[in-house]
Amino acid sequence: MTHNIKKVLVLGSGALKIGEAGEFDYSGSQALKAMKEEGIKTVLINPNVATVQTSKGIADEIYFLPVTPYFVEQVILKEKPDGILLAFGGQTALNCGIELFNAGTLEKYNLKVLGTPIETIIKTEDREIFANELRKIDVKTPNSVAVESIDAALEAAGKLGFPIIVRAAFTLGGQGSGFCNNMDELRVLAENALSYSSQILVEESLKGWKEVEYEVVRDAYDNCITVCNMENFDPLGIHTGESIVIAPSQTLTNSEYHKLRSLALKIIRHLGVVGECNVQYALDPNSEDYRVIEVNARLSRSSALASKATGYPLAFVAAKLGLGYALQDLKNAVTKVTTACFEPALDYVVCKIPRWDLNKFEGVTKEIGSSMKSVGEVMAIGRNFEEAIQKGLRMIGQGMHGFVGNDNAKFDDIDKELSHPTDMRIFAVAQALEKGYSINQIHDLTAIDKWFLSKLENISKLKWKLKKCNQLASLDTDLFRKSKVYGFSDFQIARFVLKPKDGNMESELLQVRNARKKLGIIPVVKQIDTLAAEYPAQTNYLYLTYSGCENDVVYEHDNKSVIVLGSGAYRIGSSVEFDWCSVNALSGVKKEGYRSVMINYNPETVSTDYDVCDRLYFDELSFERVLDIIDLEQPKGVIVSVGGQIPNNLAMRLHEAKVKVLGTSPENIDRAENRKTFSDMLDNLGVDQPRWAELSSLEAIQTFIDEVDFPVLIRPSYVLSGAAMNVVSNKNELEHFLNLATKVSKQYPVVVSEFIQQAKEIEFDGVAKDGIVLIDAISEHVEFAGVHSGDATLVFPPQKLYFETIRRIRKIAGEIAKSLNITGPFNMQLLAKDNDIKVIECNVRASRSFPFVSKVMNYNFVELAAKAMLNGIIPTQMPSMFELENIGVKASQFSFSRLSKADPVLGVDMASTGEVGCIGPDYYDAILKSMLSVGYRIPKKSILISSGPIRSKIELLQSTQMLQEKGYKIYGTRGTAKFLSDNDVEIEAVAWPDEEGEKTALDLIRSKEVDFVINIPKNLSENELFNDYQIRRAAIDLNVPLVTNARLASAFIYSFCKKSLETLDINSYNHYVS
Amino acid sequence: MLKQAKLILEDGSEYHGTSFGYEGSVAGEMVFNTAMTGYPESLSDPSYRGQILVTTFPLIGNYGVPGDRKEDDLFRYFESDKIQLSGFVVSDYTDDFSHWNASLSLSDWMKEHQIPGIYGIDTRALTKKLRTNGSMKAKIVVNDQDVAFIDPNSRHLVSEVSTKEVKTYGNGKHKVLLLDCGCKNNIIRCLLKRDTTVIRVPYDYDFTNDDYDGLFLSNGPGDPKLNVKAIDHVKTALSQDKPIMGICLGTQLMALAAGADTYKLKYGHRSHNQPALLKGTKRCFITSQNHGYAIDTDTLPSDWEVLFENANDNTCEGIKHKTKPFFSSQFHPEASSGPTDTEFLFDDFIGMMEEYKG
């Protein structure tokens, strides 16, 4: 193979957001690996600091910069690459590539686009051109009209007839799309869609048709394969990212399967794709009629899923094909002897289920539809559908035990729940079956194929059989086995057979486990080998099933296996950062000479790439399944501290089951997790903490508040990321909120803590061994305490902390590490006001900020932690954050635009979906680069300010003066305008949204007269004034940058007033850390 | 009521499962197929004659079985007039099918044709055994009615599946003489689509003096060398200049007639994902395959060459004559079931007939 590419630029996808998440870390990492194998130098632009691809040793040069044409051009000037890869960074990279092409930048620097030509990409992105291209080869697309105005949309709908679907071109994850049944609905949707895209499509609705996708690969010699097809459980009408998906398709005959397959090949041949491409179809459930819905000429969420579903490394192969390889020149990555020019044969099914976090948002609509809202996904593997779906529903991690046996999924109006799908629809199907609905009835309400429904009914029927039995001894062995084959967990069986009262079911669960082991009902381990056992596989890619009698793996049992528990589905509060931690823990384990074993089930991750470990179990992280794997592996130990809260929560249970947990002892993990014991420990150490109390009655709470005063922070104990946690400022809010909080958890009382205002929040990340801190990193929040640490903007090393504060934090950390005898990673959150320091919490595990501080410090905290946990030799010299010459800023990415009606305000509960981290020679450089990386734009003309309470008015005064000096036109709502003009700032007052007859703040946003909105909420309550909500929501819906925190707004304004794009420092990561 | 059944292999290993389809015991040669779609097509494929098939894809029965509508005097949705294989082994069978075109469940169809099946088997473990030991004799035992192991390859299977009489299909401009050794219906459909008249003749029919434009050698079951008469007739055809195309068994007959040798593969190729490389090019095609025997390319006479080669194991996937219009593929360009990417070979055959006729 000859190509003349020496250096290639790879565009990443930036921060994780709804519709564009971790899958691109996986595909980008694969592409970089493929280039490296060819000896090609790689330059990566991606500000996402938490990713694996932005780690050392993967790309030759990394730029933590926004993936926008300006910055890409700066990097091109600096690095002078001769090729560029656009297909591995999602829609962000693709859009950026198209802009670079249109601006002539690619031509100017003689950059060769590797893989699919840019002309092809443009053909697939512009829906009208796309439909025309397919028409040329007699391939059907939905009847549709492309329009560029609301009036034209209404006219088109008149011709097509309702219902219709509206889609925005050039967006990701169906942003701005939706169904409309009448002109009024269309008007609203079209306005919204047109704010994202100059062109929208008004199309015939194919609601109820089957939705089927193919992942297609083509090389430059016109060889084509389809690597995987997938069928949506939810029929058309629900975005594929919102659907439960099964691979391969289950209800298609050979004729249908191959009709769509050959169409896919015809399409990509015609379009000239070189590399990977995704084709989505609608298929009539009553004939072989079809429509092509969409073609994505790039790696996608589906392609990542297909890679994991089949074991075929699509991104890696696509990258190689871009260099001119023929498919058959490449080897099958699994067998190593057969060719990559083949179509994987599966001998299992996989089920993908989206993970939503809609409860985290105030006001958001729960209905799911043609636009994506889910924040993550899981993939479950089984040898029948029942097993896969039940595994998957447990993996989602929202307290569900499978398809049945969930106490917390009850619906008042089942018919509505079935016909107007929400994130809970599958559980409504369960309840409907329970209530005796027939499959036909459910099908009529949902249009879900009866095959899927009959499979679900199998589960439901089995549940009734189990319920008839009251003790394990009388449970029929065949029924016992069959329920395991159908994916029932020990918990479900315990609940149906033993029928314990509410509460901890630990002993019942273990009873079931012991009973079935005694009967020899144990799962077997099977390989994913791409060829359904036709060829011997070298793979370590595994799953467990009860449909089998033989293990594919021969175990060594040499005490050399170390199991790392991964992080599960991406969700708000736990995302790619824990994947980075997991991957680095695996490499740490390997470096210490042990066999690295991974358990995780998130298809978007790098940790579930079978290349990164010695054995990968793509399976549940439940107590039951982890024990099953431990029974098979008999490992040296298990690492629970790098995958976030899911593995952390297993620590004590594993310990009680006599499993060796590596690192800090589970008792001590528990001491830190348990508020009471942790607080006692702090008291003993003389370390201060905000006053708090665990209370179970309203009177007791009132008494406590009389003592500490409002505002107070209220949360149910033992919950990750403060689900349902809230700050209340008065008695009304208190009563309102308590109703919600108690609904969340009856078992645990409510914890009320004093809420300290105007305090700095500080993160401490460290690694210790035997209670001695080996390395630490202290970062400060830009925002005052009250913004969740996952939403806050972090500065590292800290720029505005007293030296004394840092010294005392280190002392406290040392005492806590010693007291908990920590070995491995840990993280603390602290408050500082003046030099008064209070500890909020301590997690004896790696935290969200580990990749960020590791990268800024150029020292891998997680590898060090693995070394400590495995008793390796610890280097004597450690870097210190005081020696850093550059500054890192981590900023958060929000996806409010996807979450229709959600109030885009920040609070103690986390709302961000992703993050970036940028490095610069000074504070403002790093702040501005990171803010631009999460989608802010430097305003060009005017700014609208509602500055909220007096404190934030004062906070913003200096920065508004700066804006004025810079010549910005400033608008303010009444109070703000008065305050600022009293302070000599020139400002034009505008009316609140509900004041009629005048020019309102909303008008300014709608007409795009302002290109930056600052709206500071009036108080900390969630019941925001209607007016403020309207302004914030309009800014989000019309894509005008919005900041809702005064400190952050101020930092941003300072940054863009002190710096311009042109003065920002463009340098590689290597430059900053060498 | 669910009935237990056993699958027993010649090495004595037993797998316990549940009976579906016909409740009777049967013996045959155990082979595996890794295709993920197309059980009605596979079950009615005459090349499976005498075999017990295990399908590695675990979920079977989902879309039921279509009705017996006929088109051009051929069953529209099947590859022959009946279920041809002897037994069917699957992991997870469902009776609750769902498809607009289904008429009955797979189990009911198998009952109709008196074909037993067994499910609840670790089909992956079974497949690994076949991969290691090669195809094995096996039996499905229902109701404890034991049967003896048999080796179907010792029988002349072709004679069991070939047409008994000469039949003509279509009325197109090219007259194709189809030697039916167990022909799949889709070969005839693919030919009829291309303006042909297809004259289907029995496997031992002497066509050497008949009037036709092109000769087509069909697929079929078993050891190719048992077809002595057919090989003889093909030998005569090879001495002439009329175009000849062969598929699967047909390719082996062509090779044997040309003087080359064939051999039995350890466990054969039965799947939808076999890569066939067009020799001397960068083109590689995904093909549907179902064969247990292959051509030994070392024995090919000098006026013949390899046309296609398997990109996985380098076995022969087709041959062609260096100067005359004779070619063949080991894979199934007619697909059904499987990928349709090589259907253009039928066009090549039509082109050859056109050229031959001037």
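Two residues are in contact if their C-beta atoms, placed from the backbone, lie within 7 Å. By this criterion, 45 residues of chain A are in contact with 40 residues of chain B. On the side of chain A that touches chain B, helices H9 (254–271) and H16 (450–467) of chain A each supply at least two residues, and H9(A) gives the most, with five; helices are DSSP runs (H or I) of at least four residues, strands (E) of at least two, numbered from the N terminus.

The model is predicted: local features need pLDDT of at least 70 and side-chain atom pairs pLDDT 80 or more, while totals for chains, interfaces and linings use all residues. Residues are numbered from 1 along each chain as its sequence is written, and chains are lettered from A and ligands numbered from 1 in the order in which they are written.

| Property of chain B | Value |
|---|---|
| Secondary structure | eight helices and 23 strands |
| C-alpha span along principal axes | about 65 × 40 × 40 Å |
| Buried residues | 61% of the 358 residues |

A residue is buried if 20 or more other C-beta atoms lie within 10 Å of its own C-beta.

Beyond neighbours within four places in sequence, Ile639(A) is in contact with residues including Val564(A), Leu662(A) and Met869(A).

Methods: Buried ≥ 20, exposed ≤ 12 C-beta atoms within 10 Å, placed from the backbone.
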